[in-house]
Amino acid sequence: MASSSTKPVFTPPFTTTSSSSSSSSQPSTRSSLLSFLHSTTPTPISLNISRSQAAETSRVSRVGGQDANSQETKPTILVSEKLGEAGLELLRSFGDVDCSYDLSQEDLCKKIASCDALIVRSGTKVTRQVFEAAKGKLKVVGRAGVGIDNVDLQAATEYGCLVVNAPTANTVAAAEHGIALLAAMARNVAQADASMKSGQWQRSKYVGVSLVGKTLAVMGFGKVGSEVARRAKGLGMQVIAHDPYAPADRARAIGVELVSFDQAISTADFISLHMPLTPSTKKVFNDDTFAKVKTGVRIINVARGGVIDEDALVRALDSGKVAQAALDVFTEEPPPKDSKLVQHERVTVTPHLGASTKEAQEGVAIEIAEAVVGALQGELAATAVNAPMVPAEVLSELAPYVVLAEKLGRLAVQLVAGGSGIKSAKVVYRSARDPDNLDTRLLRAMITKGIIEPISDSFINLVNADFTAKQKGLRISEERVVVDTSPEFPIHTIQVQLSNVDSKFGSGVSEGGDISIEGRVKYGKPHLTRVGSFSVDVSLEGNLILCRQVDQPGMIGQVGNILGEQNVNVSFMSVGRTVKRRKAIMAIGVDEEPSQETLKKIGLAYYFACTLQNLLILDILLGQLVPNPEHRPAKNILPPNTPNKAITIGPEIKKP
Ligand SMILES: NC(=O)C1=CN([C@@H]2O[C@H](COP(=O)(O)OP(=O)(O)OC[C@H]3O[C@@H](n4cnc5c(N)ncnc54)[C@H](O)[C@@H]3O)[C@@H](O)[C@H]2O)C=CC1
Ligand SMILES: O=C(O)C(=O)COP(=O)(O)O
C-alpha cells in the first residue's frame, strides 16, 4: 500500500456545483458515483452525517460535462500515443489535452503528477512507478485498445485509479489482420515480394499451401477469435476452437466446435492465437506444446507476443515441427534488430498492426475518449477493467442504498471500542427480490469505505475497496435474505454486524454478541432501524446521539429539555425497548452538534450518550458512567400504552 507520502490525495472531480437547472441537489446516479470514484480526502473520524450529506450534494455532477464558461479548472489529459482525431476533439472539448508521444519512463513519471487522465495504446508501459509518481492525482487510465497487459492493474487498483479500455472498436481490424497474415503466410506473399524487389523471379521456391479444407484452431474464442473463425469458415476451412470460458452454444452458432487445448493443437494445420496475455497464458506455447503439435503446423499470432516462448518457436521452426509463423506481436516491442524470430525466413512479421486501420483507430479513439470523459465526470465506465461494471439502471436504483450503506459502515465502526481491530464484518441484505438478481458490489464497497476510512488513512473507492479490505485483514461476508415485502424496492433493510470486537455501546450488541445495526431507505433517505436488539427509527442525517436508558416515563422530555436548553434542535427522537420499563435505547437526531457539556448532562442523567460527532465524548462519559437509579421523571411525552416496539417522535419535536 502507498506510504503516507505517496498516499493518493484526491482532488474534487470535474463537476459543477452551480445552481443552474441542470444541477440537482439530489445526488443523481452519476453524482452518486462520484463518491465511489472521486471521493475527496478521507472524512475525519468524527462523523457528522449532515456534513457528509452536504459533501455529497456539493459533488453533484452535471451531465454532459463542463461547458465552455465553466469557472472550474479543466482536467489535464495526457495522450502518450497517437490517437484518432475524433477522439482528441472530444477530449479537447472537456479538458486540456497534452499529446506527448514517445516519452521515456522518467518523463512520463514527471508529467503524470499533473495529469488527471492518461490515454495510452500498447506502447506505453504504465508501471507502478507511474502510479506512485501520480501521487493520487491520476484518476483514470484509458487504454485505446483491448489488451491491458501494459498497465499495472494491481498498482492502479491500489491507488484507486480506474482503468478503462476500448474493447470493441478494433475487433474486426484485428480479425482481418489475422486473416491477412494467414493467407499471406500460406502463399509466401511477403517473402516473394522481398525476393522480387531484390530482382529475382523465384516461382518454384514460393509454392504455398491451400487453406480450403484445412483445420484452423482458434485459441481464445472471444471477440477477435470468433470473427477470425467466421472469416476462416468463409474460406472453406474447418474451424475448431479452444477457450475454457467460452460458451459452447456461441461457438456452435457459427459452426465451431470447442475442444480441449491438446486436441486443438494436435489436430490443427493452422493455429491462430487470440487469448489475452495473463499469468496463465504467458508462454503457453513452449517446447512442450510444440512437441504436441502436428508436424508442419503454421502459427499466426495477433494476440500478444508473450503467449509464445519465442526461443522455443525458433527451435520448432528450425526442427521443421512448425512450418511457418506469422507474427504481429512480440514479447519485446519493437523486438531486437537481430531477433532470430524476426529474421527467420519462414516467419512473416508486421509491427503490431492488428488494430491499425483508419476505421479502427477512429472508433477506438472515440470509444476511449467517451469512457475517459465519463470517468472524469464520475460515471462508472461500462468498460472499466478494475472496477465492477454495473448497469446504469441498477446504479440509479441503488443510489439511495449506497448512501445508507456507507453511513451504516461509519456508524458500526464507531460503536467499536478503540475503533480498530475489526477483522470480520457481515452484511445482511433483506429483500423481496431474488437474491441472484441483487448486485451488492457497490453496497459492499461503500460499507467497506464506511468501516475503514474513519479508522485509517486509507482512501477507499469502488476500485480499491475489496483490495483495501483484504489488505487490512477485514473479511466482509454477505448474506441475502428473502423477505415478504414489496419487490418494488431492491432492498428492504441492510444490516451490518461486526464480530469479535468490544463495543463502547453495550446496547448496540445483539444477542449473538456482535455489534449490529440495521437501516433502510425511507422516502429516499437513509434511516437507522435497529441498534443491537432495539428497534429504532431515526433519520441518518445530521448528528445522532445514542443513549442507553431505562424505559420509564419522562426520559424523552428530560433529554429533550437538556438539548433545548443548549439550543440544540431535535430533528428525530426514537426509543427502542424490548420489554416495558426495562433497558431501552434512545436515538436522537439533532441539527446542531451538541457540546460535551450537554452530552455529559444527558450521560450523567441517563447512563451515557454516544454521538457520531465525537467519539471522545463517549470515552469521557464511560469514565464517568454512573448507574443512576434516581431518575427524576420529567413530563412523559410518550403516548399512553406505548407498544413494545420502536416509537418515533418525528420532526415535530423541536426545541422548546
Ligand atoms: N495485434 C493487435 O493489434 C490486437 C491484438 N489484440 C489482442 O487480441 C487478444 C484478444 O482480444 P479480444 O478478442 O478483443 O478479447 P476477448 O476478451 O474478447 O477474448 C479473449 C478470449 O480469450 C479467452 N481466454 C482467456 N484465457 C484463455 C486461455 N488460457 N486459453 C484460451 N482462451 C483463453 C477468453 O475466455 C476470451 O474469450 C487480446 O490479447 C488483445 O490484446 C486485440 C486487438 C488488436
Ligand atoms: O487493442 C489491442 O490489444 C492491441 O494490441 C492494439 O494495440 P495498439 O493500440 O495498436 O498499440
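**Notes on the two ligand sites**

1. In this predicted model, an oxygen atom of ligand 2 lies 2.4 Å from an N or O atom in the side chain of Ser122. Oxygen of ligand 2 is also found 2.8 Å from an N or O atom of the Arg121 side chain, and 2.9 Å from an N or O atom in the side chain of Asn170. Of the 320 Å² that ligand 2 exposes when taken alone, the protein buries 91%.

2. The shell around ligand 2 contains, besides Arg121, Ser122 and Asn170, the residues Arg143, Ala144, Gly145, Val146, Gly147, Arg304, His352 and Ala355. By class, this shell comprises three nonpolar, five polar and three charged residues.

3. Ligand 1 is surrounded by 25 residues, of which Lys223, Val224, Asp243, Val302 and Asp328 are the closest. Its shell divides into twelve nonpolar, nine polar and four charged residues.

4. As for polar contacts of ligand 1, a polar side-chain atom of Arg304 is placed 3.2 Å from one of the ligand's oxygen atoms, and a polar side-chain atom of His352 is 3.3 Å from an oxygen atom of ligand 1. With Gly222 it is a polar backbone atom that is involved, at 3.5 Å from an oxygen atom of ligand 1. On its own, ligand 1 has 850 Å² of accessible area, and the protein covers 87% of that.

5. Which residues deserve a second look when the two sites are read together? Arg304 and His352 belong to the surroundings of ligand 2, while side-chain atoms of Arg304 and of His352 also make polar contacts with ligand 1.

Notes: Residues numbered from 1 in each chain as written. Chains lettered and ligands numbered in written order. Predicted model: local features only at pLDDT ≥ 70, side-chain atom pairs only at ≥ 80, totals over all residues. Heavy atoms only, no water. Near = heavy atom within 4 Å. Polar contact = N/O pair within 3.5 Å; in protein donor to acceptor, adjacent residues only side chain to side chain. Areas by Shrake-Rupley, 256 points an atom, 1.4 Å probe, with all protein chains shown as cover. Nonpolar A, V, L, I, M, F, W, Y, C, P; charged D, E, K, R; others polar.
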